[in-house]
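Please open the structure in a viewer and keep the selection tool at hand.

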Amino acid sequence: MNVEQIVDNLAGALGSALRRPGDRGYDEATRPRNATAEQHPVAVVAATGIDDVRRAVHAAADAGLAVAVQATGHGAGGTLGDDVLLIDSTGMGVITVDPSARTARVGAGAVWADVNAAAAPHGLLGLAGTAPDVGVVGYTLAGGVGWLTRPHGLASASLRRVEFVDGEGEPQVADEQQNSEALWAFRGAGGVGIVTAVEIDLVKVEDLWAGYQLWPIDQAEAVVAAWGAALEEIDETLTSAIGFLMAPDAPTVPEALRGHRVVHLSAASVSGEAGLAPLERALRAAPEPAIDTTGPCDAKRLAGIHLDPPAAVPAVGDGRWLTAATPRHALNILGAHGRGDRAPLAEMEIRHTATAVGSDADGAMTGPPGPFLLHVVGPAPTATDRPAVEQAIDVVRDAAEPVDTGRAAASFRDGQTTAPGALGPEASQRLQALRRGYDPHGRIRRPRPV
Ligand SMILES: Cc1cc2nc3c(=O)[nH]c(=O)nc-3n(C[C@H](O)[C@H](O)[C@H](O)COP(=O)(O)OP(=O)(O)OC[C@H]3O[C@@H](n4cnc5c(N)ncnc54)[C@H](O)[C@@H]3O)c2cc1C
């Protein structure tokens with residue numbers, strides 16, 4: 001059967017949910033937010049509920065195709081070719097908040113901005129990452145590191161219940177009572193099926209203060225030293241990150257810094273101004289920042305302090321979990337590939353993620369595998385740009401070697417298809433065995449590394 005006949009058969013099975021190459025829905029669904037990934041699936045299924053997902057898996061099986069699922073494409077890694085039927089989950093975005101239980105039921109297509117917009121009126125927040133337009137499911141299944149990580153743990157530990165379709169097209173539910181092994185895999189290891197909705201815990205945040213500060217790059221020594229000193233004083237109510245990044249050409253950035261490499265220190269405290277005091281004290285030893293946005297904060301402002309790019313970017317990146325000795329090496333690591341404006345990396349960042357919260361939950365990765373997280377990322381608009389970015393990443397990784405835990409942070413491996421060592425060997429084996437059980441024919445394709 002040729003590709004056209006396959007698509008005609010799929011259309012017979014999937015009706016109006018099917019999007020063929022050239023259809024508007026097809027083009028939108030195959031333009032991932034990480035624009036390095038080439039996506040030419042045989043067709044796209046615009047799923048609006050579990051029945052569409054089931055029918056898609058059955059139709060793929062009949063046609064001898066694999067299935068993949070995508071919400072935003074932030075996590076797009078490898079190529080999707082015409083042996084894959086892509087399920088577009090963006091039509092499954094319903095969010096229901098239960099304020100008394102402090103939970104939300106979130107459809108597979110929802111992004112964090114929508115969840116927190118629904119939760120915030122109740123004084124609640126989900127454990128979102130830095131960017132508002134990242135998908136809740138893709139983020140949570142891979143761990144989920146955000147501004148509330150130190151007080152409230154990784155998002156994977158907040159996962160209570162998963163509704164999913166397995167590789168045979170059967171609907172399943174995983175929670176602590178049923179399919180608890182599957183829940184284990186969904187908590188931080190990518191899971192064992194195509195999720196249609198999740199139930200997550202929300203947290204009460206009463207006194208949120210947060211913001212970012214920028215300095216010209218030549219003040220890096222003093223700022224990085226002050227951040228390191230502050231870490232010895234702060235408690236788990238404060239989560240912070242320090243990076244060297246190319247300042248965006250945006251009105252929120254002082255004009256003199258726009259388009260130049262800067263030191264970016266961002267922090268969020270759930271104990272108000274008091275939680276930030278040790279950081280403020282330590283920073284008195286550094287020059288005044290060019291801008292300081294720190295102050296009382298809501299979910300919307302919080303989602304802007306990391307200065308993540310608002311549009312699709314062709315990103316290649318890497319993430320590593322680092323040890324407690326990281327502050328002593330931070331300046332070397334961040335500055336390893338040079339601090340110039342023309343260097344191939346857009347950002348090198350170290351996040352402070354130390355927490356014990358959630359680590360005892362039954363899941364593949366419910367606590368950070370290291371107290372610090374390194375993320376390095378650069379733009380690679382074409383394949384020929386990629387080697388320079390990869391070489392620069394290697395330079396930073398070499399500088400981080402003395403404090404590397406040996407564990408990759410899969411979510412932060414932008415535009416990559418593998419994440420060696422993201423799980424320990426035992427968890428990896430357990431995951432593979434579970435996947436064979438829920439997807440015996442290996443129908444589900446995962447362009448992401450975990
Ligand atoms: C600008 C930016 C900022 C980020 N910030 C953070 C951060 O602060 N903290 C953090 O931890 N991560 C962060 N990430 C990484 C992000 O969590 C991952 O890229 C994540 O995979 C994105 O999920 P998505 O659903 O948006 O992406 P998608 O590309 O749509 O999905 C990624 C993968 O998740 C899986 N997946 C998605 N939907 C389903 C489903 N319904 N069922 C089963 N599997 C599914 C699939 O394997 C899919 O390939 C950031 C990424 C970007 C680009």
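**Before starting**

This is a predicted model, in which local features need pLDDT of at least 70, side-chain atom pairs count only at pLDDT 80 or more, and totals for chains, interfaces and linings use all residues. Residues are numbered from 1 along each chain as its sequence is written.

**Stop 1: the domains**

Colour the chain by domain: domain 1 is 3-91, domain 2 is 95-204 + 425-438, and domain 3 is 209-412. These bounds come from an automatic or database domain assignment.

Next, select domain 1 and domain 2 together; their C-alpha centres lie 22 Å apart. Between them, 16 residues of domain 1 are in contact with 14 residues of domain 2. Contact here means that the C-beta atoms of two residues, placed from the backbone, lie within 7 Å. On the side of domain 1 that touches domain 2, α3 and β3 (66-70) each supply at least two residues. The most comes from α3, with six residues. By class, this side of domain 1 has eight nonpolar, seven polar and one charged residues. In this classification Ala, Val, Leu, Ile, Met, Phe, Trp, Tyr, Cys and Pro count as nonpolar, Asp, Glu, Lys and Arg as charged, and the others, Gly among them, as polar.

**Stop 2: helix α1**

Select residues 3-14, which form helix α1. Helices (H or I, at least four residues) and strands (E, at least two) are DSSP runs, numbered from the N terminus. The 12 residues of α1 reach 16 Å from the first C-alpha to the last, close to the 16 Å expected at 1.5 Å a residue. The expected span is 1.5 Å times one less than the number of residues in the helix.

Which residues of α1 are buried? They are Ile6, Leu10 and Leu14. These three cover an arc of only 55° around the axis, which puts them on the same side of α1; the arc is that of the directions from the helix axis to the C-beta atoms. An α-helix has 3.6 residues a turn, so residues three or four places apart point the same way. On the other side of α1, Glu4, Gln5 and Gly12 are exposed. A residue is buried if 20 or more other C-beta atoms lie within 10 Å of its own, exposed if 12 or fewer, and partly exposed in between, with C-beta atoms placed from the backbone.

Now display the elements that cover the buried residues of α1, which include β1 (18-19), β2 (43-46), α3 (50-63) and β4 (84-88). Just after α1, Gly15 takes a positive phi of about 55°.

**Stop 3: helix α3**

Move to α3, where the end C-alpha atoms are 20 Å apart, in agreement with the 20 Å that its 14 residues should span at 1.5 Å a residue. Its buried residues are Asp52, Val53, Arg55, Ala56, Val57, Ala59 and Ala60. Among the elements covering them are α1, β2, β8 (159-165) and β10 (194-201).

Select Ala59, which counts as buried because it has 24 C-beta neighbours inside 10 Å. Not counting residues up to four places away in sequence, Ala59 touches Leu10, Ala13 and Leu14. Gly169 is 110 residues from Ala59 along the chain, yet their C-alpha atoms are separated by 9.3 Å. At the end of the helix, α3 is followed by Gly64, whose phi is positive, near 70°.

**Stop 4: the ligand**

Select the ligand and its shell of 33 residues; the closest are Gly75, Gly129, Gly135, Gly138 and Val195. The shell draws at least three residues from each of domain 1 and domain 2. Its largest share, four residues, comes from α5. The shell divides into 14 nonpolar, 16 polar and three charged residues.

**Stop 5: two loop residues**

Most residues other than glycine have a negative phi, and most peptide bonds are trans. Select Arg102, which has a positive phi of about 55° although it is not a glycine. Arg102 lies in the loop between β5 (95-98) and β6 (103-107). With 16 C-beta neighbours inside 10 Å, Arg102 counts as partly exposed.

Finally, select Leu307, where phi is near 60°. Leu307 lies in the loop between α10 (299-302) and β17 (315-322). Is Leu307 buried or exposed? With 22 C-beta neighbours inside 10 Å, Leu307 counts as buried.

Terms used. Near = placed C-beta within 6 Å.
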